[in-house]
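Trainee: Could we go through this structure together, one question at a time? I would like to learn how each answer is reached.

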Amino acid sequence: MRIKQYQVDAFADSPFRGNPAAVCFFEKWPQDRFLQAIAAENNLSETAFLVPAEGGYALRWFTPVAEVDLCGHATIAAAYVLFWLRGYSGERITFFTRSGELSVRQIEGLLAMDFPADPPRPCDQPEALIRGLGQPPSEVLAGQDYVAVYDSESTVRSLFPNPAVLSELDLRGVVATAPGEDCDFVSRFFAPKLGVFEDPVTGSAHCELTPYWSSRQGKSILEARQVSPRGGWMRCRLNGDRVDLSGSAVLFLEGEIVLDDGGC
């Protein structure tokens, strides 16, 4: 069995930046354990798996240890492969996912995703979050992740979290965020429970961050940077209960996974 696979750096305009994701195509779904084994072997924060469906593609995302409900950078990577490497001719690609129907379109040279907004709610500061991040935030909110708000970009950059402590928390992960020095806001994202200590750029976290910063700054279009070691940039637009996340992507490698049929 030969499985076509691409690796794309999403939310980046040059290689070795942004967030790398693998993209694999199947004609029909293999067993879940086979998908998880490929994602573990890739050892990237996400591997995207696609199967053709009426009106678009079924899309699933796996970290090295678990399937997740939503992933932005691997969706951008999948759309990049379809538009520019596999000859998709439509203006918009529709993906059918565990988070519902998602779409990606090309706008001004960027790939724009239409995702559901996830406005975080104020909450108490969990003791494990403060211990795990090492510095108490000025505010904590909760959506699918804990959102720890700091006063400065330099504080977010200087965090050195304890993954074992953050793994004690009950939500998916932790987003640390602050106003940006040369953009509207910055962030970092940690999800050790999913086998991802620090994700380079996290589209799904911006479904939480965009409503928060839009309300706080009083505007619907924001420029965001994720200040992980690799770094990445995206444009965020709040549109009612939806969020448009736009960014670029570059191809890093193209190849085949070669296996016998026993694992399928």
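Mentor: The model is a predicted one, where local features need pLDDT of at least 70 and side-chain atom pairs count only at pLDDT 80 or more, while totals for chains, interfaces and linings use all residues. Residues are numbered from 1 along each chain as its sequence is written, and side-chain values use heavy atoms, with hydrogens and water left out.

Trainee: Is Cys 236 buried or exposed?

Mentor: Buried means under 20% relative accessible area, exposed over 50%, and partly exposed in between, using a 1.4 Å probe and protein chains only. Cys 71, at 4% relative accessibility, counts as buried. Cys 236 has 0% relative accessibility, so the class is buried.

Trainee: Which residues have the most contacts inside the largest nonpolar core?

Mentor: A nonpolar core is a set of buried Ala, Val, Leu, Ile, Met, Phe, Trp, Tyr and Cys residues joined through side-chain atoms within 4.5 Å. The largest one has 54 residues, and those with the most contacts inside it are Phe 25, Leu 50, Trp 61, Phe 95 and Leu 245.

Trainee: Which element gives the largest share of this core?

Mentor: Elements are DSSP runs numbered from the N terminus: helices (H or I, at least four residues) and strands (E, at least two). The largest share of the core is 9 residues, and they come from α2. A second, separate core of 21 residues includes Tyr 150, Val 156, Leu 171 and Ala 178.

Trainee: What is the volume of the largest cavity?

Mentor: On a 1 Å grid over the protein atoms alone, a cavity is a set of points where a 1.4 Å probe fits but cannot get out; a pocket is an open set with protein on both sides within 12 Å along at least five of seven lines, and lining residues have an atom within 4 Å of a point. Grid points are joined across faces, edges and corners, and a volume is the space filled by probe spheres set on the points. The search of the whole structure finds 2 cavities of 30 Å³ or more. The largest has a volume of about 120 Å³.

Trainee: Which residues lie nearest the centre of the largest cavity?

Mentor: Its lining has 17 residues. Two or more of them come from each of α2 (72–85), β13 (185–191) and β14 (196–199). Nearest the centre lie Glu 46, Arg 172, Phe 189, Asp 199 and Thr 202.

Trainee: How many charged residues line the largest pocket?

Mentor: The largest pocket holds about 210 Å³ of space, and its lining includes Glu 67, Asp 69, Asp 118 and Arg 172. Asp, Glu, Lys and Arg count as charged; Ala, Val, Leu, Ile, Met, Phe, Trp, Tyr, Cys and Pro as nonpolar; and the others, Gly among them, as polar. The lining divides into 6 nonpolar, 2 polar and, for your question, charged residues numbering 4.
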